[in-house]
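Subject: Structure for you to look at

Hello,

Here is the structure I said I would pass on. My notes on it follow below.

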Amino acid sequence: MDLFDSNTAEQANLPRNMIENSLFEEEPDVVDLAKDSNTFPTFPTLDPDEVAYEPRSSRLLVRGLGENDMDDDEEDCESSARLLGMSFMNRSSSHRSSSSPYIRQSPPRSCSRPSGRTMVVCVFVLVIVASLTMVLYFLPGCTFTKAGCPQPNKTAPLEPVYPNSTNGELFPWAELRLPHSIRPLNYDLTFAPDLDSMTFTGKAAIEMSVLHNTKRIVLHAANLNITKATFKLGNGQARDVTVLEYKPRQQIAVKFPEELKTDQQCVLTFEYNANLSHSYDGFYNSSYTDKYGNKRVLAATQFEPLSARKAFPCFDEPSFKATFLIKINRKPTYMSLSNMPKAKTTPLSSGLEQDEFEKTNVNMSTYLVAFIVANFTSVSSSASGTNVSVYSVPDKKEQTGFALDTASKLLQFYNKFFEIEYPLKKLDLVAIPDFLAGAMENWGLITFRETTLLLDNNSSSLEKQVVASVIAHELAHQWFGNLVTMSWWNDLWLNEGFATYMEYMSLQEILPSFDTGNLFLSVRFRALDKDALNSSHPVSTEVNTPEQIEEMFDSVSYEKGASILLMLNASLPKEQQFKKGIIQYLKSFSGLNTETVDLWNSLTQVSTPRRNISEMMSSWTSQKGFPLVTVSRKGDMVTFSQEPFLLTSDNTTKAPRQWNIPITFVNDSCSLAPECRQMFNLSKKSESLKVPGSVKWLKLNYKNTGFYVVDYGQDGWNAIRDALSENISVLTAEDRASVIHNIFALSRLGRVPFEQVCHLLSFMPNETETAPVTEALLQLNSIYRLLDKRQESGLASRLKSYIQNQFGSLMESQTWKEEESVSKQELRSALISTACALNNEGYVAKAKSLFKTYTDSNFTFKIPGDLQQAVFTVAAQSDDGWKTLNALYATSTNDAQKRKMLKALASTQDPRRIAWILKAALNGAIIQTQELPLIINTMCNGFAGYLFAWDFVQVNWDRLIEKFPVGSFAIQTIVKSTTSQFSTQVHLDQVQAFFSSLKQRGSQMRSVQEALETIRLNKRWIENNLQAMRKWL
Ligand SMILES: [Zn+2]
């Protein structure tokens, strides 16, 4: 799916897409100096039962950290455990000692004081008695019998400890993952939702095949009230069976007195009822208000990653692919949709109608099943023989045209590019009024937020870019994810990294005017920033618990995944080799499940000359972080060395990690055209090469297509700075953005002093390109926010002047009229928002006057889309403006615009209004709860909002995790937004105390480790650079 975030400058106000499920985060808003913050993610929780019942005693899965994780990430775990004031290992043992019924607690002590000698004697006697007792106690009873003890069979595995089912009977399975003795073949599913009572009944008949002899069938179900279950073996009679349930693992099971034999076929049928979910997953209810003010209800599904089990009993793991036949009973006033085209509609005696959909012609993972009951309308067209439709609520039918057109183009593009036709006869794209993720790639029935699909006539190119990107991402999943699926969630990046990569790649091909290159570049910078933290994780990471799985939906799977694919593509010698490899991969594994190595093998097979891609790429997927490449030069010898780029605030010893780095570089004699690029493969710690003595400087990582940061050493940096000061055009815009990103990263690492950062930035007054400007603004903005929040007001205002000096002339050259180029819109919105946030009088006055014209025209005057956020944010700072926007927010039907209004409303500095918005969003009636992560993120950028929001999160934590699962992208965003601008010991202690008090309600999330690390890094950076800033700003 697409997480909802927004990437660069102005886009901060637009949803972007990591689309899928959980990432609804907002990226730092370059634009707004006073408001913004990065957001990103996290780790999981385990039910106490899981600890107690984990099968083999050595495998304690304690909240996201199994024993294997400890091997790999021991340092992380221990240090974070220390941070949280607890130890994972202790946690499990203390849990046992305090709660296990099998271990007696020592009675409270009460005794008189004996003399020293008595004590010594007593202790001695007691030790001997205790030792004898223990020996006798632990020797088996057979020891002293005539027959002696039977020889234990040393190879027999220990019997797992089975948990108790809800009815008290032993549950026949003791693992989180399902057994592989049974394979589902087909699901015949009937759903009858009642949108008045918000409940549904269901019937699921699952045909299965026995792979290995077994006496049990174990599958998933969550919160389903099963009223009847029958079992039919082969052609035999169906008979009633008892269903056992083990709720902590959301598993149900049926036990059989005799073994089911390999290759037998059987059918298990369940009848059940349940409530429609009130959160954003499973089969959930949603509502909206139509233009006549009537509340309309609907029901939709969101199953990825683990919620299909909330709608029907199923084998809810991605490798259990099967076919599906779905029927839906509904009132005649509603319509229904599912993955496949509708086959027929039959009237039922109850006055309802039953829609039956065609059986899927493909095997599909459960997380991709989808259905909707609503009163939507649609527009359709045909593309490459597929019927493409876009559905929305009736009032927004006119906003579907762009999506229909773009989806059709992209479908044709992918059909051709992958050389595999989209396999279904129809493709529906549906805008759901209440939807948490950006979008979800359900096969044939892609669901979206309204903001990521609908556009009206006034929408800007930048808004179109967002919609096009989300559609491109979801459509790519129809191949990467739906056709070829990762075997398990540890390789989620195979879905998400690829869809993210294809999203930029396809748009550069079919809609080049959207200029997605800048967006992808900034995405790569943010992925580096996040992966630099010790709390990061390898792209391919072992995951077990639901919370760990939720946490995989993060920037490492999406953005780092996409970045390393770009790096690989850029390093392959022949054009099209990468494309050939992925076509080979899709064709070889069509309809199947894969692991990371399958992708590398496919790429290796097509490489000419033959090259072991797996050897090179596994260093990027199996270890966290990325390399820092250091360049040193002596005469004509240049040495490249690598070490892990690790941001830690303590002296954590760096694990000896090494990467196989496809280094690219250009030099002063040829630095712009792709032909200038030279390659060097650095696979050792350090290697040297010769360059002509006349070379003045080298720039590594051409256009920043590699996933590493470069330190040129003082001389190297000075040479680059001198060259740029003389003529900024000696490097491409991407390379200028790259050196800016890298020098700030090195400053955060403590490798370069702040003055060197300022030196490099001396070329900025001559800069006019979007990528370098937005990157520099983003970096300076985040420093400003730290100073502002620490109440270093003197320094903060000097930084404002510095920004004004660096970017003032570029700001002045911006107009407030319609602008066509997406790139120029990004640049302008970043600059003008910054100017407004800096309280630059001229810009604030202009924004106010535009807003006045807008209100005077009864909101018919068109403010250019890329400037709306700046204008609304300025307007919301006045009492009247805030009230006007609030009233407009309630009635507007343009969702992209509404989101900007909401951000503006949330940027208020009035504490009562801040409190009101937070409360309203939590309640969900006036402001949808799906917007809460956005609201909190926006608020935290302002001074008044950030402490308030942190307070709100602490007080309302339990309600937040009711709405957004622990570990989900929404929760990751909330944790990051509220904590990432703290930089003092007091705040560090507060954050640490709060999260460790949560125990299984979130204390073990990776985002918590990340938050604590970030605060300590902020603190260190500020303390180390305060003096330098006083001197240089
Ligand atoms: Zn996705």
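Helices α17 and α18 run roughly antiparallel to each other, because the angle between them, about 165°, is over the 145 degrees that this label requires. Please bear in mind that the model is a predicted one. The axes of α17 (residues 770–789) and α18 (residues 793–812) lie 9 Å apart, and α17 passes α18 in a left-handed crossing. On the α17 side the contact is made by V773, A776, L777, L780, I783, Y784, L787 and D788. These meet L795, A796, L799, K800, Y802, I803, F807 and L810 of α18. As background, residues three or four places apart in an α-helix point the same way, because there are 3.6 residues a turn.

Another helix to look at is α21 (residues 868–875). All eight of its eight residues are buried, so α21 is largely enclosed by the rest of the structure. The residues concerned are Q868, Q869, A870, V871, F872, T873, V874 and A875. They pack against α6, α19 (822–837), α20 (841–856), α22 (879–891) and α23 (895–906).

The loop that leads from β22 (445–449) to α6 (461–477) contains S460. S460 counts as buried because its relative accessibility is 7%, and buried means under 20%. Leaving out residues up to four places away in sequence, S460 touches Q825, G865 and D866.

Beyond its neighbours within four places in sequence, T648 is in contact with N534, L1017 and R1020.

β27 also belongs to an open sheet of three strands, in the order β28-β27-β30, with antiparallel pairing. β28 (678–682) and β30 (698–700) are the edge strands; each has a single partner strand, so one side of each is left without a neighbour in the sheet. On average, neighbouring strands of this sheet are turned by 35° against each other, direction ignored. Between β27 (residues 661–667) and β30 there are three bridges, and V666 has K699 in β30 as its bridge partner.

There are two hairpins to report.

- β15 (residues 342–347) and β16 (residues 353–357) pair in the antiparallel sense over five bridges. T345 stands opposite D355 in β16. Five residues lie between the two strands, and G351 in this hairpin takes a positive phi near 90°.
- β18 (residues 377–383) and β19 (residues 386–392) are antiparallel too, over seven bridges. S380 has S389 in β19 as its bridge partner. Two residues separate the strands, and S384 in the turn has a positive phi of about 45°.

Regards

Terms used
Residues are numbered from 1 along each chain as its sequence is written. This is a predicted model: local features need pLDDT of at least 70, side-chain atom pairs count only at pLDDT 80 or more; totals for chains, interfaces and linings use all residues. Side-chain values use heavy atoms; hydrogens and water are left out. Two strands pair if DSSP finds at least two bridges between them. Helices (H or I, at least four residues) and strands (E, at least two) are DSSP runs, numbered from the N terminus. Axes are lines fitted to C-alpha atoms, for helices over the stretch in contact, and angles run from 0 to 180 degrees between N-to-C directions. Angles under 35 degrees count as roughly parallel, over 145 as roughly antiparallel, 65 to 115 as roughly perpendicular and the rest as oblique. A crossing is left-handed if the near helix is turned anticlockwise from the far one by less than a right angle, and right-handed if clockwise. Contact means heavy atoms within 4.5 Å. Buried means under 20% relative accessible area, exposed over 50%, partly exposed in between (1.4 Å probe, protein chains only).
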